[in-house]
Amino acid sequence: MPATVIVGLQWGDEGKGKTTDFLAEQVAMVVRYQGGDNAGHTVVTGDEVFKLHLVPSGVLYPHITSVIGTGVVVNPATLITELDMLSGRGIDVSRVRVSRSAHVIMPYHVALDRANEARLAGSKVGTTGRGIGPAYGDRAWRIGLRMEDLLDREVLRTRISQVIPDKNLLLGNMGAEAFSVDALVDQAAAWGDRLAAHIDDATWLVQAALARGEHVLLEGAQGTLLDLDHGSYPYVTSSNPVAGGACTGGGIGPLQVDEVMGVMKAYATRVGSGPFPTELTDAIGLGIAERGHEVGTTTGRPRRVGWFDAVPLRYAVAVNSVSSIMLNKLDILSGLPTLRLGVGYEVDGRRLDHWPSSAQAIERAVPIYEDFPGWEEPIHAVRSLADLPENARRYLTALEDLAGVPIVLVSVGPERTQTIERAWRPMRHRSGVALS
Ligand code: IMP
């Protein structure tokens, strides 16, 4: 029963879309397990660029069933737009499935998210404004709508009527416009009509695939440091991107996971507010941002850029039980004379080697760096580790040593083929890992 979890080891935007797309050839099913249309995956195949927010990137392969799992919050309008865009470009979307139990992001969730951020002003989280927090909030408060509810007008009317007075009161207090029950019911029922053929029992789909011995890929959105429980609260998203989230959000048990592949970039980025100890606000940072096209796929906001930070890396490897790593965007560092690698922090005059759980401590952390000589030459055409410049290999080995986990895939460009692959075996099948 091979199941592989793909998890972001930084603040999201590590290039998980490329990882999933690269592995997709070998799998029968790709499952998104959390988040919503706050995520953005850019997949490049030949001359084609696909930007996806909700539909797993496996949809680009005709043999794959793409599942939007129970742990995802779904904005039906975004999903419909994405399905139409894909069909319009000749992609078969008939195998896209969305969990009956996934919660719906309603228009009032989006309005509440935006109004709340405006109210927080200087201390805002910097959300994507997609209604993620309010939708997960309603789920926890048991007043949310689920995808299956879109198929029943009666249920819709009852549940929407129950929540709208409070939502409108709150929105009114924040200076935002009210919603009408009738309009929302009509809108939601229309979504249900359009999506009926895709709404399914996702957990059983996943379990049946595993029982048939098919390889299932569970694709996380965002990253470990944005995790509601394990990130720097409150500057986090409202779901669990960590590998454990694949179990709850994908409907599998921990022992069904065969491999946890962590994905990270050769440097760090972060979108939105919150502490970022190795952040670069100088010309070096700007240069990396420019070469790496570091602009949010969902919001178009410029991403904050920094040196790679191994302190949260060790934490991410631990909380996700990462068994292998894909390193993305190594090519973007070509041309820098020196690379800095964060290996520890100084907080209030004391050295700290582990990621502190307190956001305030992270805020005060001054990084301790190890410096590495850079390399001049472009590496886009390199396809084996042996052909990388010596300094690039040294940097990679340092990252691998700090992670304590093998780096098995290295991306040197946006295309599928621009990937260095080392031979590796999933953790269950390892006895003395042989890496070429
Ligand atoms: P929310 O998920 O829209 O509520 O935003 C919460 C925080 O997570 C903000 O800092 C966002 O910038 C960040 N965030 C959400 N989705 C992504 C993503 O896909 N990539 C990077 N950051 C994200």
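A residue counts as exposed when its relative accessible area is over 50%, as buried when that value is under 20%, and as partly exposed in between. With that in hand, let me walk you through this structure, which is a predicted model.

I will begin with the sheet, an open one of 10 strands with mixed pairing, in the order β9-β7-β5-β2-β10-β1-β11-β16-β20-β21. Strands β9 (199-200) and β21 (419-421) each have a single partner strand, so they stand at the edges, and one side of each is left without a neighbour in the sheet. Within the sheet, β2 (residues 29-32) runs parallel to β10 (residues 216-219), the two being paired over four bridges, and there Val 31 has Leu 218 as its bridge partner in β10. Helix α8 (residues 243-250) packs on the sheet, where it touches β1, β2, β10 and β11, and its direction makes about 125° with that of β1.

Turning to charged side chains, the count of salt bridges comes to 23. One of them joins Arg 212 to Glu 214, with 2.9 Å from N to O; Arg 212 is exposed, because its relative accessibility is 55%, while Glu 214, at 26%, is partly exposed.

Where, then, does the salt bridge between Glu 294 and Lys 265 lie, buried or exposed? The closest N and O atoms of this pair are 3.1 Å apart, and since Glu 294 lies in the loop between α9 and β14 and Lys 265 in strand β11, the pair ties together parts that are 29 residues apart in sequence. Glu 294 is buried, at 2%, and Lys 265 is buried as well, at 1%. Both belong to one network of salt bridges with shared partners, which also takes in Asp 13, Arg 303 and Lys 329.

Notes. Residues numbered from 1 in each chain as written. Predicted model: local features only at pLDDT ≥ 70, side-chain atom pairs only at ≥ 80, totals over all residues. Heavy atoms only, no water. Pairing = 2+ DSSP bridges. Contact = heavy atoms within 4.5 Å. Axes fitted to C-alpha atoms, helices over the stretch in contact; angles between N-to-C directions. Salt bridge = Lys/Arg side-chain N within 4 Å of Asp/Glu carboxyl O. Buried < 20%, exposed > 50% of the residue type's maximum accessible area, 1.4 Å probe, protein only.
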